[in-house]
Amino acid sequence: MKQITKLAWRNLWRNKRRTAITLASVLMAVILAVAIRSFQKGVYENMISNAVRFSTGYLQAHAKGYWEDKSINNAFTPDAHFDNVIADDENVSLAVPRLESFALASSGPHTKGVEVIGIDPAKENKMNGLAKKIVEGKYLQMSDDGILVGDGLAKYLELKLGDTLVLLGQGYHGMTAAGKYAIQGIFHYPVEQFNNGIVYLSLTEARKLFGTEGMLTSVSLMLNNSAQLDKTAQRIQSSVDTTMEIMEWQKMNKSLVQEIQGDNSGGIIMLAILYLVVAFGVFGTIHMMTMERKKEFAVMVAIGMRKMKLMAIVFLETVFIACIGIAVGCIIILPVVFYFHNHPISLTGAAAAAYQQFGIEAVLPASLQSSIFIHQGITVLCIALVSVFYPLWYVGRLPLLENLKQ
Amino acid sequence: MKQKNLKKLRLLVTVILLFSFTCARSQNATEIVKKANDLMNGKTSESIASMTIQRPGWSRTVSMKTWSLGNDYYMILITAPAQDKGQVFLKRNNEMWNWMPSISRIIRIPPSMMGQNWMGSDFTNNDLVKANSIVDDYTHKILGSETIEGYDCYKIELTPKPNAAVVWNKIILWIAKKQSFLLQAEYYDEDGKLVNKEILSDVKKFNDRELPATLEMIPVKEKGKKTILHFQQMTFNTPLKESFFSQQNMKSVR
Amino acid sequence: MLFRISWRNIWRNKSRTFVIITAIALGLWGGIFSTAFMNGMTEQQIYSSIHTETGHIQINAKGFLLNYDMLQYIPNADSMAVSIERDPAVAAVSPRIQMMAMASTASSSTGVMINAVEIDKQKKVSDLHKSVIKGTYFEDDRSNPIVIGQQLADKLHANIHSRIVMTLQTLENEITYAAFTVVGIYRTHNSDFDRQQVFVRRKDLQSLISFPEHAASLITVLLNKTDDSKEVTARLKKQYPSLEVQDWQQLSPMTQVMSGTIKQFSLIFVGIILIALAFGIINTMLMAVLDRTREIGMLLSIGMSPSKVFRMIMLETILLSLTGAAAGVMVSVFTIMYFNHAGIDLSMLGEGANALGYSTMVYPSLGFEFYLQLAALVIFIAMIAGIFPAVRALKMNPSEAIRGE
């Protein structure tokens, strides 16, 4: 065994040029595959990060049963233990508390159902830049008793800055929730529903309105490393009370999941096409290499080396080249991916304009997930292993002595 | 020849008798239901009542005064607890308004809120608004008799009329034969599953009639949930005019 | 003369030649097919969006889309529809009433968007009737028939022949209730759409809410050619200045965003494929040249000038590229034609492929110019790639070369 390994290894270095060329084809395969996959995944990561920023966060902590029945009666009281678990978690970059429920907004002649969201203004702004969306008036402070209204809603209710808005709804345990608020600020979101159906109050005011002193309906969590989503969710879930539920964004945003899956399936076909092209490169190189060494193989067999041994050597040679190629390929492409992860390619044209309208960065970033490297590496290894069948088959078929005459 | 004609005649008479009997029975069924409904409402009525909402983990009691004129107008004034005191609900035909003294506003309840629970109970705003629905929107059939709480009752099945805007696929009512009040009701959905059960009990004399003083509405599929309506006082046919049921009056009613 | 030598050189080593030609053909096919595929994806999304949701152009009263206030309607919609239909670029026109309402069953209630349509006209502007999976699209003669999405049916526990009670607001600002019977259940691959949009007959809704006859909330216009959209929109805007006229790109900006992103991404992807191709060619040609060390050494020693050797090898590369390109184009044409007809069913790759604009089938397609552009590009790259090995050949020392490796 050791002898075969040594032989295989020495063979590689005996003909440097041939080894180099084969190595290069494997390198190329890995580099390109990783590059493409990294960009594809980077785009998805971007989509997800934007979607969760404007809604539930990567994870959301709420009372069990809240997601299915978002009634105010399913609010919870966060205790010190809960706060500590969230604050101490290494992967949580931001915890945004909210108290929200449905209510009627009325301005006299017009009434419309709206979602009332009680927020911690500073934290909310950190998560989705709400303060920047204010077009008239000013943003909320925790101590303010005014209300923020979307411009679409203000228009419909025929209200201006400073006018009074009435909220009427159902509070905690069936009590009637009713309140009057001065419009302190008007915001504009590029997404219609936000403009027409959401109002913001400070958490203090919202709690007063719904009779939920000290309570919240949800805490949205933003993460440092989104790839660690599952682990973080499990970690927090096991530490908090069993009445609480830590829900992952996929459950809360099914349509985004569908969209990504749909796009991904197209992406996989693209990747498959790429593999066809590079696989052929690898196979071609190995094929030509085999042809080149016809004489060498014949000699080995003629001087008595058993065919199995020869095949083992050839097999190992390819495995070595493949492994070296994959490793070196990953090392080469890693800084490139790293660069584009931190300095994404900018999109241009109409697409970019549309993205910006939504407040999303118009970029194509690269993803740094280790799974990309692992998956592509394994695939390329498989390609190499499949390609090696040709030389093995060839050796197996070698008639003795005849090829020497060539 | 004569024999054949006689036979035909007998057949005809039997058919007519059967037919009119069935008709009479159906008519009876509808009349029975109408009578029960009218008994609860009278031409006009006033009452003092309390509603207890029971939930797993909490319960709440609301006290109120009510006024009604037929099935089209009524007014409810909340008298307790303190945080809800002074609220008034007004119904005129299909519309509903809510007066909130804490914010000095009258708000009209839009279609989107009509399906919501009234004051957190197991009654929806729709239920309050469509009070006479059981008479007008269904065809009625007597299924038989049963004894509930010692009273001999008709068991009547209600099937929605073709274009009736009702969600129930079937309702079964138990109405006391002699006294004509409703003692029990079961509400069924499309799949024939029981969704709500209504139990009336505690028969007392109110003003000029006997009625159950307690009404329990139980959403069968959800454990531990119940709304109990308890009438302390009821008077009927007091002089109430349509003008009483106005938005202005919401603010001044006591 | 050189040409003949080069040509014969190529065919002397059949397997090597075969490998190189296949590499080029495959690279070309990869670039062409992937572009066609992405093209197909985008076209599919746009087609679905236009034919199931928005139509090419939508006309409504100014401000209607903000809050769906049904008081903001187009009073003479029917006559407008007739006149718009006369435009040669227009394929079909359908006016409809749109309003929000509450739908209730014994199990639950939820807000929905009612679309009251003229059945025949609506069928021409929208493909939704093809997505009906249970029941029919208004072929059942019931009173107040309604067609709902599967998602909504699940939420309300409703099925065919179920009764749904709608709580509506009339134009006279009164609340009214009406019972509808489910005659059809549809399913698109957009769950949000399925959950919200319900369809009823225009005349049924009209009588329920006292909506003026011949009026409508929206007019949807379908054109014969998507390319005419901007032009016809401009024309209609001029004709009806008091109304809001929007084309499909304004109505669904996300479709624009998606297709733009895909186009840019496809450029990057083709670039990567070409890099792979160039590399493959360099690699294989290099190996080929080094393989022929002896032969080249022989040629040099019998007096062939280095520049001629260079030209010979370049010529070989060119001939190989042309052959490979021709093969690649042929294979591309066939595969694209086949899949354009049969379609690629993405649902086997994952359930969520649904979100790809309401359908899982993709029909790759490509304009003629692309074939030429890509083929030219590939040949160009092949030639550039061939330079390196050719130069390498020149650097050989003839005497060393003859002696073999």
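Leaving out residues up to four places away in sequence, Glu124(A) touches Val96(A), Ile119(A) and Leu130(A). Two residues are in contact if their C-beta atoms, placed from the backbone, lie within 7 Å. The model is predicted, and local features need pLDDT of at least 70, side-chain atom pairs count only at pLDDT 80 or more, and totals for chains, interfaces and linings use all residues. Residues are numbered from 1 along each chain as its sequence is written, while chains are lettered from A and ligands numbered from 1 in the order in which they are written.

Glu124(A) sits in helix H4 (residues 121-128) of chain A. Helices (H or I, at least four residues) and strands (E, at least two) are DSSP runs, numbered from the N terminus. Glu124(A) counts as buried because it has 23 C-beta neighbours inside 10 Å. The term buried requires 20 or more other C-beta atoms within 10 Å of the residue's own; 12 or fewer make a residue exposed, and values in between make it partly exposed, with C-beta atoms placed from the backbone. Phe54(A) is 70 residues away from Glu124(A) along the chain, and their C-alpha atoms are separated by 9.8 Å.

## Chains A and C

Chain A contains 15 helices and 12 strands. Its radius of gyration is 31 Å, well over the 22 Å that the globule rule gives for 406 residues, so chain A is more spread out than a compact globule. The radius is taken over C-alpha atoms, and the globule rule is 2.2 Å times the number of residues to the power 0.38.

Chain C has 15 helices and 12 strands. For its 405 residues the globule rule gives 22 Å, and the radius of gyration of chain C, 31 Å, is well over that, so this chain is more spread out than a compact globule.

Further values for the two chains are tabulated here.

| Chain | Quantity | Value |
|---|---|---|
| Chain A | C-alpha span along principal axes | about 105 × 50 × 30 Å |
| Chain C | C-alpha box along principal axes | roughly 105 × 45 × 30 Å |
| Chain A | Buried share of the 406 residues | 46% |
| Chain C | Buried share of the 405 residues | 49% |
| Chain A | Share of contacts (separation of 6 or more) between residues 24 or more positions apart | 81% |
| Chain C | Share of contacts (separation of 6 or more) between residues 24 or more positions apart | 80% |

## Domains

Domain bounds come from an automatic or database domain assignment. In chain A they give domain 1 (2-52 + 256-405) and domain 2 (56-251). The centres of these two domains of chain A, taken over C-alpha atoms, are separated by 48 Å. Where they meet, 8 residues of domain 1 of chain A are in contact with 9 residues of domain 2 of chain A. On the domain 1 side, H2(A) gives the most, with 3 residues. By class, that side has 3 nonpolar, 4 polar and 1 charged residues. Ala, Val, Leu, Ile, Met, Phe, Trp, Tyr, Cys and Pro count as nonpolar, Asp, Glu, Lys and Arg as charged, and the others, Gly among them, as polar.

Chain C is divided into domain 1 (2-49 + 256-402) and domain 2 (63-241). Their C-alpha centres lie 51 Å apart.

## The contact between chains A and C

This contact takes 45 residues from chain A and 46 residues from chain C. On the side of chain A, helix H2 (16-53), helix H5 (151-157), helix H10 (254-292) and helix H13 (349-357) each supply at least two residues. The largest share of that side, 26 residues, comes from H10(A). Its classes are 25 nonpolar, 15 polar and 5 charged residues.

## Nonpolar cores

A nonpolar core is a set of buried Ala, Val, Leu, Ile, Met, Phe, Trp, Tyr and Cys residues joined through C-beta atoms within 7 Å. The largest has 175 residues, and those with the most contacts inside it are Leu167(A), Val199(A), Ile175(B), Ile146(C), Met166(C), Val198(C) and Ile219(C). Strand S7 (residues 175-186) of chain C provides the largest share of this core, 9 residues. Apart from it lies another core of 94 residues, among them Ile36(A), Ala384(A), Phe265(C) and Ile282(C).

Beyond its neighbours within four places in sequence, Ile175(B) is in contact with several residues, including Ile32(B), Ala36(B), Cys153(B), Tyr154(B) and Ile156(B).

## Strands of chain B

Strands pair if DSSP finds at least two bridges between them. In chain B, strand S7 (residues 138-148) and strand S8 (residues 151-160) pair in the antiparallel sense over 10 bridges. In this pairing His140(B) stands opposite Leu158(B) in S8(B). S7(B) and S8(B) form a hairpin with 2 residues between them, and Glu149(B) in the turn has a positive phi of about 50°. S8(B) is also joined by 6 bridges to strand S9 (residues 170-176) of chain B, and these two run antiparallel. Here Cys153(B) stands opposite Ala176(B) in S9(B).
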